[in-house]
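Hi there,

Please have it open while you read.

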Amino acid sequence: MRLDDGGLLAALHRGVFEQPLWTEFLSKLMHITGSPYVSLTLKPSDEGRFVELHAGRWVSLNLDQRLADNNIVDRPMQRMRDSRVYTLEELLDPINRNHERLIRQLKADLGITAMRSVRETEPAGTSAWLSCAGGREIGSAVGSILTALAPHLAIALHCFVALERERFRSAAASAGNRRLNSGWLALDARCRIVEMTPDLEQLFQRSPVLNRSRYGRLTPSSAVADRELAELVKSFAENGVGPPKSINLSRDPLVDILVRPVHQQAGAVSQSAVAIVHVNGDQWSEADRCGQLVELFGLLPSEARLAWAIAQGMTIAEAADHLLLRRETARSYSKQIYAKMGVRGQAELVRQIFLSTSV
């Protein structure tokens with residue numbers, strides 16, 4: 001039998017995108033082999049737990065738990081070599097009392113008297129065991145199918161682990177983006193959004209400084225910023241290169257965008273994208289931040305305004321001019337701020353503010 005009969009290989013590779021994983025593939029394998037039960041068991045590492053995906057007569061073989069219940073510490077599945085098909089007798093030794101008890105349980109509870117299983121391990125350490133279990137129908141023909149499937153299983157497993165790693169990174173980045181009020185968008189030559197991080201949807205709803213038109217165009221509320229963005233994106237579309245440029249959309253609360261050209265890679269983002277826009281914003285106004293500093297450290301409102309100005313990168317002299325204070329007054333305030341916040345300089349002050357205030 002050819003492996004591609006019935007779309008078995010296609011189902012194996014599509015399975016990494018399914019939920020639950022590999023449902024179609026397991027169902028097809030069960031039908032093609034005539035097995036009452038098939039399973040694909042995953043284990044991230046030696047310390048990880050087994051995850052069993054299955055199709056067939058029983059809810060779950062749950063072999064790992066059965067091994068533990070029968071005090072079988074030296075797990076047979078862990079001893080299997082990659083790409084070699086094993087029989088039930090090779091995995092469980094009937095001379096061993098604990099193994100023999102498990103064999104009797106499998107037969108009495110599930111009617112399993114035969115099994116074929118193959119293992120594959122990808123470079124990061126995740127293992128997969130593909131097994132067919134049943135009675136006399138599980139023989140050398142089933143073993144041949146698993147042998148032929150083994151290299152394709154290795155590829156599918158490698159793809160699955162890479163996707164899971166990217167999903168994890170994306171989820172971690174998404175959580176950070178929500179907390180930091182940041183994200184990115186990809187724009188075409190007409191400033192229409194072709195890709196974006198989901199977190200920016202909240203920014204569109206919350207902040208008036210950045211909008212998405214009903215035609216999908218990214219539109220800053222400032223006409224000057226909108227014109228600057230459009231010209232920059234047009235330049236990237238015509239030339240394909242150019243230095244990144246930062247555009248401030250709001251000072252209070254702070255919202256900046258950094259616009260850079262797309263260095264196009266096949267399949268990375270939409271082929272129509274010419275620019276990536278990184279958005280960085282603050283969910284809180286300056287008044288909100290100063291209110292937090294008053295509550296957290298017992299600062300006077302005037303001291304809190306000075307502390308926040310310093311946290312934005314201003315020197316004490318620049319902050320004094322910004323807040324219309326005499327420089328001697330600002331220096332006196334700064335000493336009170338340092339004492340109340342328990343810091344010994346401007347660098348510690350900035351770090352304490354950003355560690356203590358909500359983002």
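Strand 11 and strand 12 (residues 275–281) pair over 7 bridges in the antiparallel sense; two strands count as paired if DSSP finds at least two bridges between them. Within this pairing, V259 sits opposite V277 of strand 12. This is a predicted model: local features need pLDDT of at least 70, side-chain atom pairs count only at pLDDT 80 or more, and totals for chains, interfaces and linings use all residues. Residues are numbered from 1 along each chain as its sequence is written, and side-chain values use heavy atoms, with hydrogens and water left out.

Strand 11 also pairs with strand 10 (residues 245–251), again antiparallel, over 6 bridges. Here V259 is the bridge partner of K245, and a hairpin of 2 residues links the two strands. (Strands are DSSP runs of E, at least two residues; helices are runs of H or I, at least four; both are numbered from the N terminus.)

Buried means under 20% relative accessible area, exposed over 50%, and partly exposed in between (1.4 Å probe, protein chains only).

Next, have a look at helix 11 (residues 301–311), where 9 of the 11 residues are buried, W308 and I310 among them. After this helix comes G313, with a positive phi near 100°.

Enjoy exploring!
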